[in-house]
Each structure stands twice: as C-alpha cells, then as structure tokens.
Amino acid sequence: MNTKKYCAVLVGLGLVTLSACGSGSDGSGGSGSDKTVTLVSHDSWAVSKNVLKDFEKQSGYTVKVLKDGDAGQAVNKAILTKDNPQGDVFFGVDNTLLSRALDNGLFQSYDAKGSATVKPAYRVDETKHRVTPIDTGDICVNYDKAYFSKHKLTPPTTFADLVKPEYKNLLVTENAATSSPGLGFLLGSAAQFGDDGWQAYWKKLQANGVKVVDGWEQAYDQEFSGSAGGKKAGGDRPLVVSYASSPPAEVIYADPKPTTAPTGVSYGTCFRQTEYAGLLSNAKNTKGGKAFIDFLLTKEFQQDMPLNMFVYPVVEGATVPAEFTQYGPQAKDPETMAPAKIAADRDQWVKSWTSLVLK
C-alpha cells in the first residue's frame, strides 16, 4: 500500500518515526559498521519502537533508515544509485513498479526465512526470489459521508458511477505519473475497461470535472472535504482516491473517537496493491540485510504494520486490529493485473494518460 502516507499526515500522534540516515563511507550504513543495517524506503515507513528494538536486541544489528520520498521517487533513486547503493535493503516497491526495479537489476536473490508463510496470492518471482512480499492494501475511492448525507446523494460504488452527472466536480485523484495511488487508480480503470476502453473512460472523467493533483497528501489533506485524523479538512471535493484503510485511520486518530468512520469506501473502485522488500544488488552488509528481511516476515512485525502504515499483513495467521475489520475491510473483489501486463503496458499507459488528462 503506498504510497500510503498516514505516518506523515495523520500521525504525529504517538507513532515512532525513525531518523533518516545516510550511508557510511563503506555503504553499510550510517555507522560504517557491519553491525549496522541500512533500510532505504519511502516516507511512509514506520514501525513501533519496541518492535524494532526487539529485532536489534535479538540480531545484534542496529537499523538505520533512509527515507527517499514517495514510492515512485524512492524506486527511481534506488535504480540510479544501484552500483553504489545508499543501503542494504529496499522496502516499498509495489506491484505497479516492480517490473521496473527487476528489469534494472535492483535486487539480488534471497529466499527469506518465513517466505513459505506468505499467502500464495501475494507471491511473485518465485524462481529467483529477488523480492519478498511484505504487505498489501487496496487503492479505492473514499467518500465524505457528511457531504453525501447533507446533499441527499448516494455515494458512487463503481468506476462507472464516477462519470455520472450527479458526481460532477466531486472527485480528486493523484497524478498517475508521480503518485503510487494515482497509478493504481489508472491501472484499476484499465483492468476494468480494458486496453481499448480506459482512455474513453478517462475522457468522461475529465468531462465530469475530475481534479488531478501531484500526490496523496495534497489530495487527501488539502482537496478532500472529509476529515484528516479527526480534523476537518479544508477541501471541497467529497470523493478522493485513497485506501480502503483510510476509514479506520480516521477513527483511530480522532479524539474523541467517533462511533462510526466519517469516511466510506467505494469498493467497486478498488485496485489491489502489494509492497515488497529486497536485498539491494550491491549491498555491503548482505548478512544483516537478510536478517532484516527475515524480520519483516515475523508475526511481530506483520501484526505491527496495520496501525503504523495502515496496510494488511501477507503472512498466514497474522491478525489485524478490530478497527480494520470494522471500518476498513479489504475489498472482496478488487481489480488486479498480472505483473507481466503491468510491465508491458504501464509506461505507455502513463504517457497516454498524461497526454490525455494533463494536456
């Protein structure tokens, strides 16, 4: 899930945010020690302090974290620096960008301990083991319940609904060329309407007043009319491309907590996202990097993720907080797309989308 920025946006509320640390002179991490593991990730990486300390105590490694912007920026920078990487492990490449990372030789093979516990639906690259699935989530349109109640409107439920006249000038989405949820929404529409139909669909969305902004923070915090962490947002758009896990975040971070989530999910607009971690090809501390990837598949970390990064675990038997089950269940039938299809068409689709929507 990206390209998911609750730690930067809804947080500041007790979650641990790790300091960004650059690589040491030997590339093994900020300390230049083989007992330091440097993680490179997007800005939404977060873990509970006690969980990370458990890993450090049990493994003997110290973890340093380098955050490199949103998922797309982080992946691109990692590719550019692959010959002299900033760290040992990269976390946060998702299924929309995976082929770009693999095709550019970003990762080396490592079959993580615990990989057999990953649910089959999320496994990829099973012959070379260059990446390990870590979390999953659904990119979906969210709606502001208060707006639709006030205007006596039924919220949209499907992609097709969004082009109806009653939803004119109500939707804000992110740039598919710069944002992970924006790209996911584009891929979801392509999965729904096919190679020949998605552009016609976007022409209708454009005619119906869709607004496009650079990233999730701007869309959710500035343009969306719903609340952000229990605080009223300043925007005037009651529909926003976000995540199925946004409503539980709204409940958890509100003070006082509401009895129902102020936002809802249009489940017929969802696209399934999976995030991966990998051992960087030229990592200096490969042993420490492998130990850290193993840690990401432990139940302790998997069950810690939901309230830190608002994503779902991918290993068998890992549980999620009650708020997720109540307010943000996973989509039952999300749009999906085969990695090979994404690899073949993504760049051309983004180019066509940019020409069509941002002209």
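## Stop 1: salt bridges

Select Arg100 and Asp347: their side chains form a salt bridge, with 3.0 Å from N to O (a salt bridge is a side-chain nitrogen of Lys or Arg within 4 Å of a carboxyl oxygen of Asp or Glu). This pair links distant parts of the chain, since Arg100 belongs to helix H4 (residues 98–103) and Asp347 to helix H14 (residues 339–357), 247 residues apart. Helices (H or I, at least four residues) and strands (E, at least two) are DSSP runs, numbered from the N terminus.

The model is a predicted one: local features need pLDDT of at least 70 and side-chain atom pairs count only at pLDDT 80 or more, while totals for chains, interfaces and linings use all residues. Residues are numbered from 1 along each chain as its sequence is written, and side-chain values use heavy atoms, with hydrogens and water left out.

Colour the pair by accessibility. Arg100 is partly exposed at 23% relative accessibility, and Asp347 is partly exposed at 45%. The classes are buried for under 20% relative accessible area, exposed for over 50%, and partly exposed in between (1.4 Å probe, protein chains only).

Stay in H14 and select Lys341 and Asp345. Their side chains meet in a salt bridge of 2.7 Å, N to O. Both residues lie in helix H14, four residues apart, which is about one turn of the helix. Asp345 counts as buried at 18% relative accessibility, whereas Lys341 counts as partly exposed at 29%.

Next, select Lys211 and Glu223, whose side chains form a salt bridge at 3.0 Å, N to O. Lys211 sits in strand E7 (residues 211–213) and Glu223 in helix H8 (residues 216–223), so the pair ties together parts that are twelve residues apart in sequence. Lys211 is partly exposed at 31% relative accessibility, and Glu223 is buried at 12%. By the rule above, the salt bridges number nine.

## Stop 2: an enclosed strand

Select strand E10 (residues 239–243). Five of its five residues are buried, so the strand is largely enclosed by the rest of the structure. Which strands pair with E10? Two strands pair if DSSP finds at least two bridges between them. Strand E5 (residues 132–144) runs antiparallel to E10 and is joined to it by five bridges; in one place to check, Val141 has Val241 as its bridge partner. Strand E6 (residues 171–174) pairs with E10 in the parallel sense over two bridges, and Leu171 stands opposite Leu239.

## Stop 3: nonpolar cores

Select Trp45, Trp202 and Phe292. Of the 88 residues in the largest nonpolar core, these three touch the most other members. A nonpolar core is a set of buried Ala, Val, Leu, Ile, Met, Phe, Trp, Tyr and Cys residues joined through side-chain atoms within 4.5 Å. Its largest share, six residues, comes from H14.

Now show the surroundings of Trp202. Leaving aside neighbours within four places in sequence, Trp202 is in contact (heavy atoms within 4.5 Å) with Thr173, Phe185, Leu186, Ser189, Trp353, Leu356 and Val357. A second, separate core of six residues includes Ala249, Phe310, Tyr312 and Phe324.

## Stop 4: backbone details

Keep Phe310 selected. Its phi is near 55°, a positive value in a residue other than glycine. Phe310 lies in the loop between helix H12 (306–309) and strand E12 (312–313) and is buried at 0% relative accessibility.

Asp125 also has a positive phi, near 50°. Asp125 is in the loop between strand E4 (107–108) and E5, and is buried at 17% relative accessible area.

Then go to Asp255 and Pro256, where a cis peptide bond joins the two, with omega of about 5°. Pro256 is in the loop between helix H9 (246–252) and strand E11 (263–280).

## Stop 5: Ser179

Finish at Ser179, in the loop between E6 and helix H6 (180–193). Is Ser179 buried or exposed? Ser179 is buried, with a relative accessible area of 5%. A polar atom of its side chain lies 3.3 Å from the backbone nitrogen of Gly182. Apart from neighbours within four places in sequence, Ser179 is in contact with Glu174, Asp214, Gly215 and Trp216.

Conventions. A polar contact is a pair of N or O atoms within 3.5 Å; within protein, one must be able to donate a hydrogen and the other to accept it, and residues adjacent in sequence count only if both atoms are side-chain atoms.
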